[in-house]
Amino acid sequence: MGGWAIAVHGGAGVDPNLPPHRQEEAKKLLTRCLNLGISALRSNDSAIDVVELVVRELETDPLFNSGRGSALAANGTVEMEASIMDGNGRRCGAVSGLTTVKNPVSLARLVMDKSPHSYLAFSGAEDFARQQGLELVENEYFITEENVGMLKLAKEANTIVFDYRIPAVGSETCGAVAESPLQMNGLPISVYAPETVGCVVVDNQGRCAAATSTGGLMNKMNGRIGDSPLIGAGTYACNLCGVSCTGEGEAIIRGTLAREVAAVMEYKGLGLQEAVDFVIKERLDEGFAGLIAVSNKGDVACGFNTTGMFRGCATEDGYMEVNIWE
Amino acid sequence: MGWAIALHGGAGDIPLSLAAERRQPREAALRHCLKVGVNALKAQKSPLDVVELVVRELENNPHYNAGRGSVLTREGTIEMEASIMDGNTKRCGAVSGLTTVVNPISLARLVMEKTPHIYLAFDGAERFAREQGIETVDSSHFITQENIERLKQAKEANRVQIDYTQPIQKDEKKETPTANGDSQIGTVGCVAVDSHGNLASATSTGGLVNKMVGRIGDTPIIGAGTYANNLCAVSATGKGEAIMRGTVARDVAALMEFKGLSLKEAAAYVVEECVPRGNVGLVAVSAKGEVTMAYNTTGMFRACATEDGYSEIAIWPSVQN
């Protein structure tokens, strides 16, 4: 093939009862972000610049779980994390525990470009952001009313494990509900709403890049780090491909999911879609997740074993698709 | 088959001229920790218990960069991190930014076993430690005079130190112009397999001398510094950034799985082909009871033993010991 390709996601694991207007909202956002990326690619921007640009847009929009609109930690505050990787040279940057940085992915990029390290977290990361003159805001900026409501439900779900919006699949007992595919990380899907965001790009020079950003798990313990900032788990890029994952953090970390796609391409010679399919089928055990990926050849692919994944992709030859369900 | 164990105390540009008073206590520690691990395996302890036990010993030893003896951040403070992984279940636990926890590796284990999460850091991790009643002490407990010296030297040289075992010389040739010194030298780790093929890996560190506050290295990153599945268990050490980018620990296992390489071949491949020279070392064991210790640095503090009676304690390539 050849040529540029781009994919974006807004999370794997979608409430099948998501109201149509919410679905439309999501598709509009994904479309807008794709178009932003496509424009940049047509202007010959590099893959690493494009993934940052697109993820910034996703962070700024309150719809998904990143930047503004992030899920809330147990104490009601927002703690954000992100990572970015440049396949050309495999440089990477990651951040965790951010509370005032408006665009976490941009701080991750600065860690990669302007610090001697690859991963900064919590107060050290915030200090670095300040030094770098990055835009900072109050933590309240990130908190939406909807998520305040979600946190309440999540706390209740931890004791009751019941959500009236979900059809009564397998009774009200904890065990049976745990069997339901409409649960993720022990919470009803409508409450859990993973919605981590990400973007992968291969530019017209065949360079791949990937970036992922999130507020993390609703009602998480403060200080909890998920897969999104972990290179090899939530994000990975090398000269062959760029990958961004979303879903149950534990499953993604144990499965080193993003690296896995690249490893089977590299060590088993699989093509992009084959690699993605293999990883989703064989590497998730009982976990639920999804991912998007591009290859240096201009291919784009996605895979998920969840009920839906907010995603969009486009290639230079004019192909474009935005979707939620299978 | 049979059990096997390997442990390390860091890979780096350890000069052959390392003074006896710096070398001997470290060798003695390796010998002691190996014995602790071997005895535990002989007593049928699970590999998960064994690697935690051995790493605790290394953390308690002030001569290694983990727990007590951890190197200092640029503020002169302690920030420790660790991770542990069980090969059978691929369950894992990781911690970062610890300042008072006596044994970071044990907190990592508690994260794995007592929370729905994998990775806890900084204040949240410290709070969890208190909830769990794990042993904590004032941060000053971890600070050694040697490390205060090291930090002073690093600041004077105004650089992030790559090899903490040596005082910084102004004309250090090995230093790269871009101080991308995300080094993990002196990290400690242990991998073990029992006679049933159960595998586990654990790694722990104080990080990098003069590191920025909040800096996280490869050690708590599953797939980078630590990995275990049903084929092998790996613990890496060296330049954190290189290990992270190279997903070192995961790649050893991936090469065995996807390319059919043996443990030794896979480890050698990763160390020779996937990471620039002078940047990495690792120890690994396989489900079959094999052990390998590979590095592309001048040396690596290491020790290993297998059930059939083989054992080795070394710093440099065997021919020079």
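I take a salt bridge to be a side-chain nitrogen of Lys or Arg within 4 Å of a carboxyl oxygen of Asp or Glu. By that rule I count 3 salt bridges between chain B and chain A. I looked up one of them: B:Asp251 pairs with A:Arg259, and the closest N and O atoms are 2.7 Å apart.

**Basis of the entries**

I am working on a predicted model, in which local features need pLDDT of at least 70, side-chain atom pairs count only at pLDDT 80 or more, and totals for chains, interfaces and linings use all residues. Residues are numbered from 1 along each chain as its sequence is written, chains are lettered from A and ligands numbered from 1 in the order in which they are written, and side-chain values use heavy atoms, with hydrogens and water left out.

**Interface of chain B and chain A**

I find 44 residues of chain B in contact (heavy atoms within 4.5 Å) with 39 residues of chain A. I note a buried area (accessible area, 1.4 Å probe, that two parts lose on being put together, summed over both) of about 3,600 Å², with 61% of it on carbon and sulfur atoms. On the chain B side, B:Met212, B:Arg245 and B:Phe258 lose the most area to chain A, together 19% of what that side buries.

I record 17 residue pairs in polar contact across this interface, both residues at pLDDT 80 or more. The rule asks for N or O atoms within 3.5 Å; within protein, one must be able to donate a hydrogen and the other to accept it, and residues adjacent in sequence count only if both atoms are side-chain atoms.

Elements of chain B that each supply at least two residues to the side touching chain A include strand 3 (91–98), helix 4 (122–132) and helix 8 (263–274). Helix 7 of chain B gives the most, with 7 residues. Helices (H or I, at least four residues) and strands (E, at least two) are DSSP runs, numbered from the N terminus.

I also checked strand pairing, which requires at least two DSSP bridges. Strand 9 (residues 224–225) of chain A is joined by 2 bridges to strand 4 of chain B, and the two run antiparallel. A:Arg224 stands opposite B:Leu120.

**Two sites within the chains**

I located B:Asn61 in the loop between helix 2 (47–60) and strand 2 (80–86) of chain B. Beyond its neighbours within four places in sequence, B:Asn61 is in contact with B:Ala29, B:Ala66 and B:Arg68.
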